[in-house]
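Please look at the model first.

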Amino acid sequence: MAGNFWKSSHYGQWIISEERVLEGHERDSKSLSVDDVKKLHIFFANFIQALGETNKLRQQVIATATVYFKRFYILNSFKSIDPFLMSPTCIFLASKVEECGPIPIQRLITVCSSLIKSKFSFAMTNDFLYRPQHVLECEFYLLEMMDCCLIVHQPYRPLTSYAESLGPEVLNTAWHIVNDTLRCDVILTHPPYLIALSALHMSSVIHNNENAMKWFSELSISIEKITQVSQQIIQLYELWRGFDEKKEIPGILIRMPRPRMSHSGSLSGSRCSTPSSMR
């Protein structure tokens with residue numbers, strides 16, 4: 001039932017209340033503020049985006065990888081697994097789930113190492129030390145944590161369907177807004193169709209599209225629900241606008257709890273939580 005959102009594990013297990021999301025953001029509160037955690041999610045979404053684009057992956061794969069990342073750290077401390085390892089692992093798994101063909105794992109490691117040196121050296125001054133066996137072990141923990149619920153319903157399909165009568169200008173801006181939402185929590189707390197409608201509504205306002213606004217007035221869906229999601233997206237933009245990534249991330253990463261590597265080279269973070277901990 002992967003094609004039906006309402007019968008999917010995404011809806012059944014992975015639409016999380018905003019209260020649970022806040023609990024997840026406060027999990028590392030001894031060393032990180034809620035805004036610190038939100039900025040880490042912005043940073044690592046940017047990192048996953050760059051990693052996916054460098055590997056020439058479709059946006060659907062990048063979006064799924066980002067959702068996997070967010071799901072993991074909403075239930076687990078950053079101390080459980082290093083997010084610099086979790087990021088390529090999410091890309092590796094998403095590339096298989098979205099049927100674009102798995103990325104050769106050694107190439108993924110090489111690209112990740114090169115990307116850190118060229119674009120993200122402000123965040124990691126040391127070499128990328130993880131190897132294929134670390135990605136495979138991390139993938140096992142990720143699969144266990146998600147209870148093998150791997151299908152993610154993204155807003156892109158309803159977005160293009162709704163936008164057929166609204167014009168390419170509205171669709172183009174809305175598409176970029178949907179991409180930006182991967183840096184906040186709406187994909188965890190709301191169904192994808194509602195995110196798509198919120199992006200289209202924001203785009204229609206930006207372009208002062210009167211036909212689009214008339215279209216929205218005729219919808220059977222409550223405009224209050226749409227604007228509720230829009231408000232969360234606006235809050236993302238407000239935080240993002242004042243976020244100087246290169247200046248702030250090094251300090252946040254220093255405070256972020258990190259796992260230790262065992263003498264055998266395996267991951268030695270705390271045991272990962274599963275979706276049952278949300279119930």
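Is Asp36 buried or exposed? Asp36 is buried, at a relative accessible area of 12%. Buried stands for under 20% relative accessible area, exposed for over 50%, and partly exposed for the range in between (1.4 Å probe, protein chains only).

This is a predicted model, where local features need pLDDT of at least 70, side-chain atom pairs count only at pLDDT 80 or more, and totals for chains, interfaces and linings use all residues. Residues are numbered from 1 along each chain as its sequence is written, and side-chain values use heavy atoms, with hydrogens and water left out.

A salt bridge here needs a side-chain nitrogen of Lys or Arg within 4 Å of a carboxyl oxygen of Asp or Glu. The count is seven salt bridges. Among them are these:

| Salt bridge | N to O distance |
|---|---|
| Arg255 and Asp36 | 2.9 Å |
| Arg258 and Asp82 | 3.9 Å |
| Lys96 and Glu139 | 2.6 Å |

Arg255 sits in helix H14 (residues 245–255) and Asp36 in helix H3 (residues 34–54), so this pair ties together parts 219 residues apart in sequence. Helices are DSSP runs (H or I, at least four residues), numbered from the N terminus. Arg255 is partly exposed at 39% relative accessibility.

Arg258 lies in the segment after H14, and Asp82 in the loop between helix H4 (59–75) and helix H5 (83–97); they are 176 residues apart. Arg258 is partly exposed at 35%. Asp82 is buried at 5%.

Lys96 belongs to helix H5 and Glu139 to helix H7 (residues 132–145), 43 residues apart. Lys96 is partly exposed at 34%, whereas Glu139 is buried at 8%.

Note on methods
Helix = DSSP H or I, 4+ residues; strand = E, 2+ residues; numbered from the N terminus.
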